[in-house]
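Welcome! Let's learn to read charged side chains together, one question at a time.

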Amino acid sequence: GGPMEILQLWVNLPSRLKMTRPNYVGLQKSDIPTFVTEAGVTVEPVSGEWQGVQAPIQSLIDIHLAVVRLPGGATFETPVGPGRNVFLYVVKGEVSVAGTGVPQWNLAALGDGDAVEITAASDAVVLLGHAEPIGEPVFSHGPFVMNTREEIIQAVQDYQSGKFGAPPRV
């Protein structure tokens with residue numbers, strides 16, 4: 001009945017968790033808690049914890065993901081544990097991080113630090129995430145992400161033989 005935006009994120013797992021039963025979580029807007037900062041920035045935590053607010057998803061590997069809605073000129077700052085991989089994707093508008101502009105529909109991988117500070121040049125919507133680096137080889141094919149070619153072949157065979165089970169009913 002109207003415009004719809006979907007952002008889908010595929011999550012890699014360390015080798016020790018690769019054979020975990022596949023899982024899909026579909027969230028509706030009403031499932032996601034929301035809080036507003038003093039600067040008027042709206043934060044919608046999807047996974048992990050954001051400034052004391054628990055998100056509906058607690059991942060196997062401590063992934064923190066949130067939708068951040070910034071009014072033009074507003075700044076959002078949040079702590080990030082040292083050594084974590086941090087990224088942001090600009091869904092709408094333009095933002096800057098550490099003085100570097102990131103335009104709409106661009107992904108930015110951020111450097112090491114203990115906090116992220118995002119400033120909106122215009123009204124903006126950002127997907128912000130951080131997690132511990134896995135530090136293992138990555139071999140991917142289609143929707144499968146494993147560590148070796150042989151594991152990919154096995155995953156495809158398992159999928160084709162029905163070992164992943166029936167698709168979820170949504």
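The dialogue below looks at the chain and then at its charges.

Q: What helices and strands does the chain have?
A: In this predicted model, the chain has one helix and 14 strands. Buried residues make up 32% of its 170 residues.

Q: How should I think about charged side chains, and how many salt bridges are there?
A: Side chains of opposite charge can pair when their charged atoms come close. Here the count comes to five salt bridges. One of them joins Glu44 and Arg69, at 2.8 Å from N to O.

Q: Where do Glu44 and Arg69 lie?
A: Glu44 is in strand S2 and Arg69 in strand S5, so their pair ties together parts that are 25 residues apart in sequence. Glu44 is buried, with a relative accessible area of 9%, whereas Arg69 is partly exposed at 33%. Both also belong to a network of salt bridges with Lys29.

Q: Which residue does Arg84 meet in a salt bridge?
A: Its partner is Asp62, at 3.2 Å from N to O.

Q: Is Asp158 buried or exposed?
A: Asp158 is buried, because its relative accessible area is 8% and buried means under 20%. Its side chain meets that of Lys163 in a salt bridge, and Lys163 is exposed, at 59%.

Q: Which residues form a negative surface patch?
A: Glu77, Asp112, Asp114 and Glu117 do. Glu117 lies in strand S11 and is partly exposed, with a relative accessible area of 42%.

Conventions
Residues are numbered from 1 along each chain as its sequence is written. This is a predicted model: local features need pLDDT of at least 70, side-chain atom pairs count only at pLDDT 80 or more; totals for chains, interfaces and linings use all residues. Side-chain values use heavy atoms; hydrogens and water are left out. Helices (H or I, at least four residues) and strands (E, at least two) are DSSP runs, numbered from the N terminus. Buried means under 20% relative accessible area, exposed over 50%, partly exposed in between (1.4 Å probe, protein chains only). Patches are made of residues with over 30% relative accessible area and no salt bridge: like charges are joined within 9 Å, nonpolar side chains (Val, Leu, Ile, Met, Phe, Trp, Tyr) within 5 Å. Accessible areas come from the Shrake-Rupley method with a 1.4 Å probe; for residues, only the protein chains shown count as cover. A salt bridge is a side-chain nitrogen of Lys or Arg within 4 Å of a carboxyl oxygen of Asp or Glu. Lys and Arg count as positive and Asp and Glu as negative; His and the chain ends are not counted. The place of a charge is taken as NZ of Lys, CZ of Arg, CG of Asp or CD of Glu.
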